[in-house]
Amino acid sequence: MHAQAENSYSLRQSSGLTDFLLARLGFVTLITPGAVFLIICFIIPVALLLQQSFFDPDFTFDFYRKAFSSPVYLSVFKVSFEIALVSTALSLLASYPLAFALIIAPTRLRALMLGLILLPFWTNILIRCYAWMLVLQTKGMVNSVLTSSGILSAPAELVFNTTGVLIGMTHYLIPINTLMLYSSMKGIDLQLLNAAKGLGADPLRAFVNVFFPLSLPALKASAVLVFVIALGFFVTPALLGGRGDITVAMLISSYFSELLNWGFGSALATLLLIFTAALLILYYSFQRDAQDRRAK
Amino acid sequence: MKNSVKMTRRAFTSAVGAAALGIPLGLTSMKSAKANDDTVVFAGWGGNWQEAEREYFFKDFERETGIRVVDVPDLDLAKVKTMVDSGNVSWDVVQALDMWVADKDKAASLWEEIDYSEIQSEGVPKDLLRPYGAGVATFAMILAYNTKAFEGKQAPASWADYWDFEKFVGKRGMIDAPRYALEIALMAKGVPPKDLYPLDVEGALEHWDKIKNDVLWWDKFPQSINLLASGELAVTMTSHGRVMSLLEEEPDTPIKIVWSQGILTTDFLSIPKGSKRKKNAQKLISWMLDPKRQADYAKATGVGPSNFKALDSLDDATKKTLPSYYYQTGQIIEFNADWWSTREQELVERWNFWQLI
């Protein structure tokens, strides 16, 4: 982070007032289109929606009081964060080697691989869930292979429980995760691996000591993004989960479209936003501490 | 409650199509509909049932009245509320669930009052002609079982049998929601139909406690029918309409319906508040209550008519596929939407709490 900041174009270090103003104006021009778009199409509508959590119809904290009054909502938050965390970790485990394989693969194979990775990405999520139901149920494909080959004596419960939710979500997250990792790993100079080998490192050592540290920022960035995506799942846990697998997103959707209690739905959405932001701030400050320690 | 995606083989493809095309099609048709007064926009649940509505109701309506029916799928109550709140109402007739129109206070903020002086409703029970919606179709929430699971054995015939795991071996499925599940537990306990409401919620949950962990709790109706057809479930609650459409596409599916102790629910036709074509909407509603048309529709889909006169023109074999018939014979009970409509949120919350803790 430090090294990057020093190398990159820095506003503070530009000398002279004219340079400073030019740089400032250029900066403003650069961010304006994106900022205007986000404010009009995202921030204002979301703010309008979330402010409903404070009015019923007069100003009130009742919706928030309700959210904390019963252990059920906090336990739903806990379930959601756990499921999101585990599915993020599982998808990283699968995506990282896949992304590495993509950058070392020959061009044609790579194109084929990318196509195959994107294929499930284009399939409707409902259909994916129903397909998983068929594959994972006790009379499904996986269980019949496992029992008929004698690996299992009785079929395993793979769906309509947390296992099913994790399988479905991890499957959904892998293409996203892989593409993000791949696009940043592409920037790593593979000659460095050869250089390491030239200096006597075996392939494993070259990977662990050279490639992996270089890919770490990409790994962290995609972990955060994927985790945030995972927090918003409501179709997959509803269809593949069991009776304990209720996520905040499922509750929000039910308060909005079935119970028409938008005030409480918005309160839950606001809390999810706050908890997620708090978690990310914690994560980044932890990161900075670690870097500062390393810098010393 | 009802999901527009019916997961049969054919529906797999149509679901992809609907997901890809549904929104843009809906938008363009709404735009063109706004431009002229000789149209009416109907919002339904999509799928085979809505295709049949076009075939048996809309086609003749268009020919007879010159009013074009634009029908859009993927109905959602939140969309209705958004339209009404923003004053930008693009739907004129909505196929509403019973609870959406039952609670007068809530219904008054969403729907126009129906002017029954303009509507031919002879044959429709008074119960189903409500200020904010006219009953158009009936469904039954019933016990269904996979016949292969009970081959050569006695099959379950009541909700009490559903609780009897020793006599009726096999996996159970149930909707993961208080609606219907509470009624079912009470019927299984032996509460007579006339004493069902007001529901003894805690008593029902206690009864579920006995088998809570041995039940597969599904979320959407297509799941129940899929799992029952594949044999993953031996017994489940489901909607009779789901069974009928599956049997129509794949007649050999080993599924049987137990009609007795079923719960009758009704779909209503309602006009979103602020509809710009209220006159046309009233005409379409009147058209869809006609006994002859409802009989044809019922024959094709297995969806029950709301106009009980429709039964008169149907043969016995067809009648016995319709919930309206079993309601008349007293074998199934009526879902009390009035009781539910003011308590739904409280009961959903109680239910979630019970499932989680």
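## A helix residue in chain B

Tyr180(B) sits in helix α7 of chain B, where helices (H or I, at least four residues) and strands (E, at least two) are DSSP runs numbered from the N terminus. This residue is buried, with a relative accessible area of 3%; buried means under 20% relative accessible area, exposed over 50%, and partly exposed in between, with a 1.4 Å probe and protein chains only. Although Tyr180(B) is a residue other than glycine, its phi is positive, near 75°.

## How to read the model

This is a predicted model, in which local features need pLDDT of at least 70 and side-chain atom pairs count only at pLDDT 80 or more, while totals for chains, interfaces and linings use all residues. Residues are numbered from 1 along each chain as its sequence is written, chains are lettered from A and ligands numbered from 1 in the order in which they are written, and side-chain values use heavy atoms, with hydrogens and water left out.

## Chain B and its helix pair

Chain B has 16 helices and 11 strands, and buried residues make up 58% of its 357 residues.

Helix α7 (residues 178–189) of chain B packs against helix α8 (residues 201–209) of chain B at an angle of about 75°, with the axes 8 Å apart; axes are lines fitted to C-alpha atoms, for helices over the stretch in contact, and angles run from 0 to 180 degrees between N-to-C directions. That makes α7(B) roughly perpendicular to α8(B), the word used for angles of 65 to 115 degrees, whereas those under 35 count as roughly parallel, those over 145 as roughly antiparallel and the rest as oblique. In the loop between α7 and α8 of chain B lies Pro198(B), which is joined to Tyr197(B) by a cis peptide bond with omega of about -5°.

## Chain A

Chain A averages a pLDDT of 90, and 95% of the residues score at least 70, pLDDT being the predictor's confidence in each residue, from 0 to 100. Confidence in chain A is lowest in helix α1 (residues 2–7), at a mean of 44, and highest in helix α11 (residues 235–240), at 96.

Phe160(A) lies in the loop between α7 (141–148) and α8 (162–185) of chain A, and this residue is buried, with a relative accessible area of 12%. Phe160(A) has a positive phi of about 65° although it is not a glycine. In another loop of chain A, between α2 (17–50) and α3 (62–69), lies Pro57(A), and the peptide bond from Asp56(A) to Pro57(A) is cis, with omega near -10°.
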